[in-house]
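Please keep the sequence and the 3D view open while reading.

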Amino acid sequence: FAPGTRVTLGMKVSNKMTGWLHGRIAKPDITVKPINSNLNSLIVSADVVDVPMMYAAFNKSEMTKQFVGSYDDSWNLGRGLFGVSFWRQFPPSSDFAMQIVTTLASSIKDTATEVHTYWNLSTLQNPSMNSCMKDSSKLIGFVTTNAMAYSGSAPTWNGESLEYKVSGLHFLPDGKSLTYGTYDLAMRSDAARCLYGFSNAPISASISVTGQDGEQKVATTVVNEKDGWLYLAAYGFTFSAPTVRVKLSQTPVQPPVQSAPTVSTPTTPVVVAKPQIKPKVISIKCSNGKTVKTVSGAKPVCPKGYKQK
């Protein structure tokens, strides 16, 4: 494949397949749909990745017994003519592969020999033993990287975060350009929520890449959740043997505030007083001989001995 190529692969897989996949892809998008009671349709769309390769020679007499023992006992692909130009190729996901990189890096100036372009996926032989991540009746997730060597299992759950170890040489074949790593983790949202005891509310995450010396590696991180899958990634970190840690979090959903019930307060009727109407004042003149008096009132009456004029 040419660098930057995006490939989509569809296949029929048993619904009894192991719970995890691994391989060499980047920026994956996955769809799993049932076909019948025995088969599922698996469609994966992802970018190809450039993987640096390492070739190194050593004298057994100069190595530790532990290293030589692992070299003799670890599964490998024999290459060349035995006894003449025989050499061994170890799978990048084997336990010994990471030991080879960290032990022999200095002997080849921490520089890759060449770079190959890959796009592949395969089942993990060492799936997680965590109850939330080991269901073999369905695909739980997949983990991929362009690292020269990487953990041959699902990410390890330490009670707080998901850890994954990778290893590689610091320089590309020109001896000057840095090797930049890619790491992609996709897992079912329900499995992630099971680990943390989360609700169905959205999940956020922090991703860190830490070197053997505790140094934080610079990386671009991506978190996305869609269609029942949680996608997490770290790109652009450097080697030699960093650990990628993913820690998920979720903001607790606040219950709606219950307003206090409304209590109706009885109201006192307001009595509006009717305006008082003043009686009409009438004035009359009363006389008694030459004496004249004026009497006023609503119904004026002349006093005794007086007559109204």
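A polar contact is a pair of N or O atoms within 3.5 Å; within protein, one of them must be able to donate a hydrogen and the other to accept it. The model is a predicted one. In it, a polar atom of the Thr-111 side chain lies 2.8 Å from the backbone oxygen of Lys-109. Thr-111 itself is found in the loop between helix 2 (95-104) and strand 8 (114-118). Its relative accessibility is 14%, and buried means under 20%, so Thr-111 counts as buried. Not counting residues up to four places away in sequence, Thr-111 touches Leu-169, Phe-171, Leu-172, Pro-173 and Gly-175.

From this loop we turn to a strand. Strand 10 (residues 141-145) has five residues, and five of the five are buried, so the strand is largely enclosed by the rest of the structure. In a regular strand the side chains alternate between the two faces of the sheet. In strand 10, Gly-141, Val-143 and Thr-145 point one way, whereas Phe-142 and Thr-144 point the other way.

Which strands pair with strand 10? One of them is strand 2 (residues 20-24), which pairs with strand 10 in the parallel sense over four bridges. Another is strand 14 (residues 181-188), which runs antiparallel to strand 10 and is joined to it by five bridges.

A hairpin elsewhere in the chain is formed by strand 19 and strand 20, with two residues between the strands. Strand 19 (residues 282-288) and strand 20 (residues 291-297) run antiparallel and are joined by seven bridges. Lys-285 has Thr-294 of strand 20 as its bridge partner. Within this hairpin, Gly-289 takes a positive phi near 70°.

The aromatic residues come next. A search of the whole structure finds 11 aromatic pairs. The ring centres of Tyr-196 and Phe-198 are 4.9 Å apart and the planes are at 15°, so this pair is stacked. Phe-237 and Phe-239, by contrast, form an edge-to-face pair, with 5.7 Å from centre to centre and 65° between the planes. Both Phe-237 and Phe-239 are buried. One aromatic cluster is made up of Phe-58, Phe-67, Tyr-71, Phe-90 and Phe-96. A ring can also lie under a charge: the charged end of Lys-27 sits over the ring of Tyr-235, 5.8 Å from its centre.

The largest has 30 residues, of which Trp-20, Met-133, Tyr-183, Leu-185, Met-187, Val-246 and Leu-248 touch the most other members. At least two residues of this core come from each of strand 13 (162-167), strand 14, helix 3 (189-196), strand 15 (204-210), strand 17 (229-237) and strand 18 (243-249). Strand 17 gives the most, with four residues.

What does Met-187 contact, leaving aside its neighbours within four places in sequence? Its contacts are Trp-20, Met-133, Ile-140, Gly-141, Leu-162, Ala-192, Leu-195, Trp-229 and Leu-230. Gly-141 in this list is one of the buried residues of strand 10 described above. A second, separate core holds 18 residues, including Phe-67, Ala-97, Val-101 and Met-148. Phe-67 is also a member of the aromatic cluster.

Key. Residues are numbered from 1 along each chain as its sequence is written. This is a predicted model: local features need pLDDT of at least 70, side-chain atom pairs count only at pLDDT 80 or more; totals for chains, interfaces and linings use all residues. Side-chain values use heavy atoms; hydrogens and water are left out. Buried means under 20% relative accessible area, exposed over 50%, partly exposed in between (1.4 Å probe, protein chains only). Contact means heavy atoms within 4.5 Å. Two strands pair if DSSP finds at least two bridges between them. Rings of Phe, Tyr and Trp (its six-membered ring) pair if their centres lie within 6.5 Å; planes under 30 degrees apart count as stacked, over 60 as edge-to-face and the rest as tilted. A charge sits over a ring if NZ of Lys or CZ of Arg is within 6 Å of the ring centre and within 35 degrees of the ring normal. A nonpolar core is a set of buried Ala, Val, Leu, Ile, Met, Phe, Trp, Tyr and Cys residues joined through side-chain atoms within 4.5 Å.
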